[in-house]
Amino acid sequence: EYKSYLRSMICLRQKSKTLLLNLRCISTDQRSTPPRTLITGSLGQLGLTLAKQMRKLYGKERVVCTDIRKPPKIVLQDGPYRYANILNKSGLEEILVENRIDQVVHFSALLSALGEQNVALALQVNIEGFHNVIELCKNHELKLFCPSTIGAFGPETPRNPTPNLTIQRPKTIYGVSKVYMELLGEYYHHRYGLDFRSARFPGIISATTPGGGTTDYAVQIFYDAIATGHHDCFLEPDTVLPMMYITDCIKSVIDMMECDKERLRCRTYNIAAFSFSPAELAAEIQKYVPLTVEYKVDPVRQQIASTWPQVLDDLEARQDWNWNPEYTIETMVPMMLDKVRLQLEKPTEDN
């Protein structure tokens, strides 16, 4: 009986410790008044999903979505949406002030493959646009989250695992612009006290239509598996890259934004979930649906992927703000197949 009592007390102590760590990771301001959040690039892969979750947590009117495209009707019905071009600094500032914004999640960016096709535009959006955002956040004392990427690393970086602090010599304009973002954010934090936060995202898998990234095959393959049973893959079958299901990605943004700033020893963190190759993903999908894959390698994307990490070391994120992904490739695949089926069954929306 005594041993049973002792085990119960140890278990209770561990649970109490975990709860205390989680409470410490929530800022005092966050517990009292929900923040008013602006999301740039909100019509992309991550923005609408993050907005939906934040509106559940903070209130529908406290999350303002922005982009440069005409939104679908459902977006207008879900909550505030404003046109905002991040290259128009005064226009963006007007939205921040009018909506009394407390924090910004900056998703607007030109991704890796598209960036290589239009370097000048990538420089404008990813560097000039970010500079506008960070200046406004400094001037108005706003918290800023801007995602980084596995593309911020290069061929000289250790690939398995890739440490949180290591050499970064990216070979794409997308990667170069993200290293610029990381360093400028860190500089503004130390120079001006800006509450800047960033996480290096792996490839993000969701039911949203791919948008020009090197890891997009990991989304397109689900659409092809359901629609035709055949996928043409632009990467070699053994190209291993870090990946993450979108639910975990959204969780990471919210967890990091809510964490008390005193707990953050870094401005930018690696975050990881699982890694796989196209062949491994195809094999997992084939457990549920018939699928054939032909490898029609795109030299540009393959060259990019070959310089990126295979496994991210995210120990610092786990220690500092209790990062802990929920999904594995085994649990992600059947969920993705169900979501893509629903997406393909949707009628074309009247905008």
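Let's start inside the protein: the structure holds 1 cavity of 30 Å³ or more, where a cavity is a set of points, on a 1 Å grid over the protein atoms alone, at which a 1.4 Å probe fits but cannot get out. About 60 Å³ of space lies in the largest cavity, the volume being the space filled by probe spheres set on the grid points, which are joined across faces, edges and corners. Its lining residues (those with an atom within 4 Å of a point) are His106, Ser108, Ala109, Val125, Asn126, Phe130, Cys146, Ser177, Lys178 and Met181. Two elements, α7 (119-139) and α8 (173-192), each give two or more residues to that lining; helices here are DSSP runs of H or I with at least four residues, numbered from the N terminus. By class, the lining has 5 nonpolar, 4 polar and 1 charged residues.

A word on what you are looking at: this is a predicted model, in which local features need pLDDT of at least 70 and side-chain atom pairs count only at pLDDT 80 or more, while totals for chains, interfaces and linings use all residues. Residues are numbered from 1 along each chain as its sequence is written, and side-chain values use heavy atoms, with hydrogens and water left out.

The pLDDT (the predictor's confidence in each residue, from 0 to 100) averages 91 for the protein, and 90% of the residues score at least 70. Over residues 2-7 it is below 50, and this stretch has 0 contacts (heavy atoms within 4.5 Å) beyond near neighbours in sequence. Where pLDDT is low, the predicted coordinates should not be read in detail.

Now to the packing. Beyond four places in sequence, Phe276 touches Tyr217 and Ala218, among others. Gly229, with a positive phi near 80°, follows α9.

Finally, visit Glu316 in helix α13 (residues 315-321). Glu316 counts as partly exposed because its relative accessibility is 24%, between the buried limit of 20% and the exposed limit of 50%. Leaving aside neighbours within four places in sequence, Glu316 is in contact with Asn164, Arg265 and Tyr269.

Terms used
On a 1 Å grid over the protein atoms alone, a cavity is a set of points where a 1.4 Å probe fits but cannot get out, and a pocket is an open set with protein on both sides within 12 Å along at least five of seven lines; lining residues have an atom within 4 Å of a point. Ala, Val, Leu, Ile, Met, Phe, Trp, Tyr, Cys and Pro count as nonpolar, Asp, Glu, Lys and Arg as charged, and the others, Gly among them, as polar. Buried means under 20% relative accessible area, exposed over 50%, partly exposed in between (1.4 Å probe, protein chains only).
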